[in-house]
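Biologist: I would like to go through the terms used for this model. Please set each value against its definition.
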Amino acid sequence: MDRSTALQDIPKHFDPGNVEEKWYDFWKENGFFHSEPDDRESYTVVIPPPNVTGVLHMGHMLNNTIQDVLVRRARMLGKNACWVPGTDHASIATEAKVVQKLRKEGITKADLTREEFLEHAWEWTEEHGGIILQQLQKLGASCDWERTRFTLEEDLYESVIDCFIELYNRGYIYRGKRMINWDPEAQTALSDEEVIHREEQSKLYHVRYWLKNSDRWVTIATTRPETILADTGVCVNPGDERYRDLIGETAIIPMVEREVPIIADEYVDMEYGTGCLKITPAHDENDYQIGQKHDLEIIDMLNPDGTLSEAAEYYVGEDRFEARELIITDLKKRDQLVDVEEMTNKVGYSERTDAVIEPRLSLQWFCRMEELSRPAHENVMNDNIQFHPAKFKNSYSHWMENIRDWCISRQLWWGQRIPAWYYGDGKDDYVIAKTEEEALAKARDKSDNPSLAGNDIHQDEDVLDTWFSSWLWPITVFDGIKDPDNEEINYYYPTDDLVTAPEIMFFWVARMIIAGYEFRGEKPFSNVYYTGIVRDSQRRKMSKSLGNSPDPIKLMEEYGADGVRVGMLFSSPAGNDLLFEEQLCEQGRNFANKIWNAFRFLSMNKQEDTNYSRKLDIDETNLVDRWMLSRLHETIAGMNKDMETFRINEALHKIYSLIWDDFCDWYIELIKADEPGADIPAERLARGLNFFEELMKLLHPFMPFITEEIWQHIRPRKTEEAMIVASWPAFDQSAVSREDQALFTRIQRIISAVRNIRAEFNLSPNDDIDLLINAGDEQAAGALRNNEWIFRKLQRIDALEVRADLSKPETSASAVVEGTEIFVPLKGFVDLDKERERIRKEIDRLQGFLKSIEGKLNNDGFVNNAPEEVVQRERDKKADTVTNLEKLRGILRELE
């Protein structure tokens, strides 16, 4: 056979750059990613839509690799796999990007009409919005790109408006003036979930408030002294003896000299600060509640951009934090700053812009959540929808039990515009309608004024919270709001698995579940797999700002997409943070090279014009074949269980070990030709290729590119026989033999022990040695003798003797494996003193091991609480260790 001919089409080294684009285009062009409803079982995943502002980061890499693994395996299981991609319009983030771009061009948002601004926003979106989806293709994401959706496209836009109108008509949406979270940078309201609270060092300022017509004062502690300018009351606890006589008196607010009442309310904590509380109803939620209760004046001292308004009277136009410094200076001058105390305080930041949040009284739109959320709460707690890991049910339940109304309006232009139309000055002078024509008709009817014209009504300027569109995502991607009984929504919904990050459990996951039950009457998905956060070796979250996040595209260029996928998954146990190091990608690349070398070796031995059987028929008389088949099916069973319970990284470890440790390091060695340099016999090579094909199938979801490349090289394939749609290997319980595995494992360990002896005594692998094995009983000895060829295949052996009662020869190196004694006569090679020292060290090691085992078994907590099989395993370890120690001590006595 001309080996150069056999390998002429197979590169010496695996080159991901030449393979990835080729096979991705092949899969796409042949429609392997596309799904249409048919008679197969559906398997549906909707992508967590990345923002159109986004580019691929390490979190996306992890999330989408896991989704792709699940989708590819489902496709191989014969399911109609549909992975719907798309992007989110991301109101705040996108509008900020567009404003930033316009600013560079010398244009401000205020210079433009709404329509002009939206033209710029759409232009920016069309230019940048698809970048991240293109990058996901390099990763190998097998999304149905023909189904790509965008939360602001016309059909989805209309669906959001329809849902708003339906919820309003059912009494769940209302308009009200309430204390909300205000982002001064984006100049919009935020929901509670969009506020990130950080613990940081702050200052607690103690300020003197004089009493009217008195030389007395009270001292008030505040972390926000600039809000003093909007104080309209002072409050004490009615049970506080220090201030009881002051209740009903009048205090004078510093700087503005405003007279305010001193009121009593049990809300005040007598132990915090001075026990005397300033009340600023416009700038603190709790103060607002107290102000309402006691009928206090409301003074809004802040402009939307966080500067001080005319109502503040002082520092007008100054930034709020600059005003803080200015008022402190002035209070000092007035001798009203009593003390400054260092303290730890929680400060709220905008999740989008990272600006410090201001509580602000504002007229906004809200969605009542208490009743809406009940089915979503119940169906997670009863496992109708399962969380993986289940520990996240606790935080989900806590949020659901304490759910608050959702502020759904945003003071932006980019998004779904709220369908409210105003026709008068009264707070209820509005109607809810989808179109201007419908609104005008409703307004005429409600106002009882048939003469109202189009220019007498105007639509609300605000848009809906981005999450108000993405909570409908599993429904709207199949047009389930627009056409609730269409073929696709009935076939693909509910979807199957959602893969996402726990930090958006409340933003998105909980709300999707709420929407699913509200608008479809059923769950939106069956399983939620929560990934961890990608962190560096110092446990810091990877981010551009810290400079600790590698560029995923560059990683894939260096290590290949398969290598990076493996690197990500190796370190990503479900729900736990991923400690990512680039060496993991290198390990993934090395694994790809190992696979490629095994493939080249097998291909090198293929004979021209030989038809290698596609059926995996093993030689039943051959222990190695039986062992490999048993390990294969054991791995199939283990991987199936892991995948079904979302232990993705454990499934990867199983197939990694089977390929690297078992197939490459042992099986290939044992099917080689008996004579060095000769070709592998055809029947052996056929079995090797068939085993290798099964391994490639199991590996395909994790490493799709190299497996498709190898699959297409092994044999001629038709398009419909591509790896991407190959059948997932079926588990056969009858193929699993614990006896064969135990025997082969013993042989492996004996051979490893012989290799160690060679290494310790500097015996060359080419030196012929004698090998003597004391098996302990005749049955074990017979089993080893029947497989003598394995020892001779892997070791240069002159004489091999296996007996049940063999004594140790003089001047021999020895080892003990599972009670089996191994002797290698070393006459002419050995240093007896060195051998004695080696055995003493092994005895010391085993004594330490025995001590640790006995520590466990002497611990009542372990023995009484651990599963019985775990305790028994420790008892077996102890018995084996005691046996090995006794034998080693006996060997040492013979040497002394």
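Modeller: Axes are lines fitted to C-alpha atoms, for helices over the stretch in contact, and angles run from 0 to 180 degrees between N-to-C directions. Helices (H or I, at least four residues) and strands (E, at least two) are DSSP runs, numbered from the N terminus. This is a predicted model, where local features need pLDDT of at least 70, side-chain atom pairs count only at pLDDT 80 or more, and totals for chains, interfaces and linings use all residues. Residues are numbered from 1 along each chain as its sequence is written, and side-chain values use heavy atoms, with hydrogens and water left out.

Biologist: What makes helix 2 roughly perpendicular to helix 22?

Modeller: The axes of helix 2 (residues 16-29) and helix 22 (residues 704-714) cross at roughly 80 degrees and come within 9 Å. Angles of 65 to 115 degrees count as roughly perpendicular (under 35 roughly parallel, over 145 roughly antiparallel, the rest oblique), so helix 2 is roughly perpendicular to helix 22.

Biologist: Which residues of helix 2 and helix 22 meet?

Modeller: Contact means heavy atoms within 4.5 Å. On helix 2 they are V19, E20, K22, W23, Y24, F26 and W27, and on helix 22 P704, F705, E708, E709 and Q712.

Biologist: Why is Q134 called exposed?

Modeller: Exposed means over 50% relative accessible area, buried under 20%, partly exposed in between (1.4 Å probe, protein chains only). Q134 has 56% relative accessibility, so Q134 counts as exposed. Q134 lies in helix 6 (residues 131-139).

Biologist: How do you know that strand 22 and strand 23 pair?

Modeller: Two strands pair if DSSP finds at least two bridges between them. Strand 22 and strand 23 (residues 527-530) have four, in the parallel sense.
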